[in-house]
Each structure stands twice: as C-alpha cells, then as structure tokens.
Amino acid sequence: MNPASCARFPRHRNMLYGRSLAAQRVNIMAAARKVVEISIGATELAQLQSIARSRTEPASRVERARILLRYHADPSSYAVGMAVGVTHQTVQRCVARANRFGIMAALDDSPRPGREREITTEARTWLVSLACRKAKDLGYPHELWTTRLLARHARDHGPAAGHVCLARVAQGTVCKILAAQALKPHKVRYYLERRDQAFEAKMAEVLCVYQEVAVLRAVEPASANPQDKAGSSVAIISYDEKPGIQAITNTAPDLPPVAGQHPSVARDHEYKRHGTLSLLAGIDLVTAKVHACVEDRHRSREFIGFLKKLDAAYPASTAIKVILDNHSAHVSKETNTWLAGQRDGRFSFVFTPKHGSWLNLVEGFFSKMARSVLRCIRVASKAELKQRILAYLDDLNREPVVHTWTYKMKPAA
C-alpha cells in the first residue's frame, strides 16, 4: 500500500505504523547488552580503593578508580556513569583502557602527541653537570647557583658548547630539568666529617663506660637512697660546658594571655643584653645528681674549680671517672698540674672522639634545659640569671632523673 492510499484510508495508515513500531521493538530486544569483562586482582583492588578515597591524588585518577570499582561490582556503563557523574562513553573508554594497558595504567593519561622536545638529552645532561658545580668556579661572585643565574649561563654558553637548543631556555624549564634529577643546587645540607682517626676506638671506650654504669646500677637497686650511693667506690660523671647563656631583659613588660582573646604571652620585640654566663655541669650517671657551677667564663681555672667541687662531694676513697670532650681547658698545663697533685686514681678522664661530643649524655640534659628553662627566659641581670639556673638545678636534684644511653657494642648485621 503506497503513502497516497494511506492518506485516503487512515485505518490502513495506522496499521502500517503499528507494524513498523513492532518491528523496531523486536530489533531492540534482539540486541543484547555488550558487557566487557575486566579482571582486578586483590592487590589492584586495594590500591583502587585507596586511590578512590584519597584527598591528595589528582581528581582524574580518583574518578577513574571509582569508575573501575563500580564497574567491577556492576558491569553497566549507564549505571556506573550515573553513579559517578560521567557519561557512559567515558566509562566505556576507561574500561577499554583497563583491558588494553592494565588496571593501574588506565588511571593515567596517555602521552600526548605534541611536538618533540626542543632540548636534547645531551643538552639536559650538560645542564645537570653544570648544576653540580659551584657558580664561583665559573667566575661568578655567587657561591651557589640560583635557577635564574643557571638559566642565564645556559643561554650565554650553551650554544658555544654545542647545544643551540639552550639559546632561549627559560628559568622554568631549568627548574623542571633539575627537578627530574632531584637536584637542588641552591640549597646546602650540612654533614659532619669524622676527622678523628681513632673515632671507633674512642667511641667504644665511652660506650664501655656506659655499660659499666649499667652494671653499677644493677648492683645498687634504683630504690636505694641516692645519698647512700655516694659511698660507692666509683663515681662516673658526664661533664660538659654550656657557654653563652644570654642574660636578656625586656624593654616593656610581657602581656599575659587572656582567655578567648589572646592565647599566648605577648612580648615586645626589643630587648636589652646584660652579657652571658657559662654553665659547667656534670651528671652522676649512677645517682643522677647534677653537679654544676655557673661562671662568667669557662677557662682552665673554672674547670679546676668544678673538679674541686667534685672532689669535695665524694669520699676520698672514691675514684671519679669523668666523660668529657677535647676542650683546651680539659688538657691544659694548668689542669694537668692540678691533677698531678691529687692522689693516684682519684680522677680519670674518658675523652669523646673529636666531633663526637654527641656521645656525651650531658648533651641531652643541656638540650632539655634549653627547651624548658632557657628558651624564653628574661632576667634583670646576670646575677638573677645565675640564681634561676641554680634554682632549676636544685629542683632537679630533689627528684633526680637517671640518664641512660641506648648503645650497641657491635654494628648491626
């Protein structure tokens, strides 16, 4: 039946349209949904779940991880797209990439087909080797490179070195080249060189003394009265000086904290100096008592004064072993002359290796004191500073805290 006759007979036209719609429904029902299977292992599943919850991963990786997780649970592009907030075509592309490149590789973008790099590999290597040298070695007044100076040097001297591609290199490009090699030529990271040839032997000697302390403490229980331990045959003292303690006073009064308004103490930036003091301190590693002197300086005579204080603090039969560093006052002629006048075995010194004063336990005590007492201290005079330091030490000696060292006599395997 042609269209013209359908126009004349509406009943026949409706029958024709009905047959056409029925045929379309049959064709739709005949086209089964195409499901693309993806295989996700246990490790990959855990990684995807971690990325999907991440707040630091790029948004694109988080979105693709969510797509793959939902598709793994329900392989429907339309349902996954509705849940994640993307089109079903995006879901299909992500699933196809997972099948082609792998689950984790599907989270990243493919390389773009942009133009080739203008800066060659040889030019990058030359620039990196240049960054590993000092700027002053190439005639600059700068000690270290800045990225701006390095980029300028590359533009000026790169073409002459055979790298024409560096003639217009930008500072940002230099930063990217250095970042790819994890180079930071503008920064300095300090280290401590071991200049003592007998470092290991001296360190072992100090550690053996700490082991001796552990034996003495095991023999004399910690519950014993510290005053009774003073009669021990051996006293082991960890000694050092803390010079340059500043006596600083405010030029304006401190403002106290106010609840709900000012959370901390307010202090004027200006201050006045009254000079410095030196703390000479030694800790008895068995009793934990602190012996100390506060002096204006820390010369041989002050050190001898401290030794005299130790001599008066222990019975004449006690051998006093002192762990200390290689300061000139400890080995001076004046000190040795005084020691020669003492009875044999009264004093013995155990020196830490050069650049190894960190082996001395008293350094930890000084660190704690600096953080808890000296960090923000303000005084009206040096006399007040001395009085407050001695008051702090007296407070410590009321309830002594034993200092210990975690040491290893043998290197770790």
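Student: What do the buried residues of α5 pack against?

Tutor: They pack against α4 (59-73) and α6 (88-101). Helices here are DSSP runs (H or I, at least four residues), numbered from the N terminus. Buried means under 20% relative accessible area, exposed over 50%, partly exposed in between (1.4 Å probe, protein chains only). This is a predicted model: local features need pLDDT of at least 70, side-chain atom pairs count only at pLDDT 80 or more, and totals for chains, interfaces and linings use all residues. Residues are numbered from 1 along each chain as its sequence is written, and side-chain values use heavy atoms, leaving out hydrogens and water.

Student: Which residues of α5 are buried?

Tutor: An α-helix has 3.6 residues a turn, so residues three or four places apart point the same way. In α5 (residues 77-84), Ser 77, Val 80, Gly 81 and Val 84 are buried. Their directions from the helix axis to the C-beta atoms fall within an arc of 100°, so they line one face of the helix. Tyr 78 and Met 82 are exposed on the other side of α5.

Student: How are α7 and α8 packed?

Tutor: Two packed helices are described by the angle between their axes and the distance between the axes. Axes are lines fitted to C-alpha atoms, for helices over the stretch in contact, and angles run from 0 to 180 degrees between N-to-C directions. α7 (residues 121-131) and α8 (residues 147-157) pack at about 130°, with axes 11 Å apart.

Student: Which residues meet there?

Tutor: Contact means heavy atoms within 4.5 Å. Trp 126, Leu 127, Leu 130 and Ala 131 in α7 meet Leu 150, His 153, Ala 154 and His 157 in α8.

Note on methods. Helix = DSSP H or I, 4+ residues; strand = E, 2+ residues; numbered from the N terminus.
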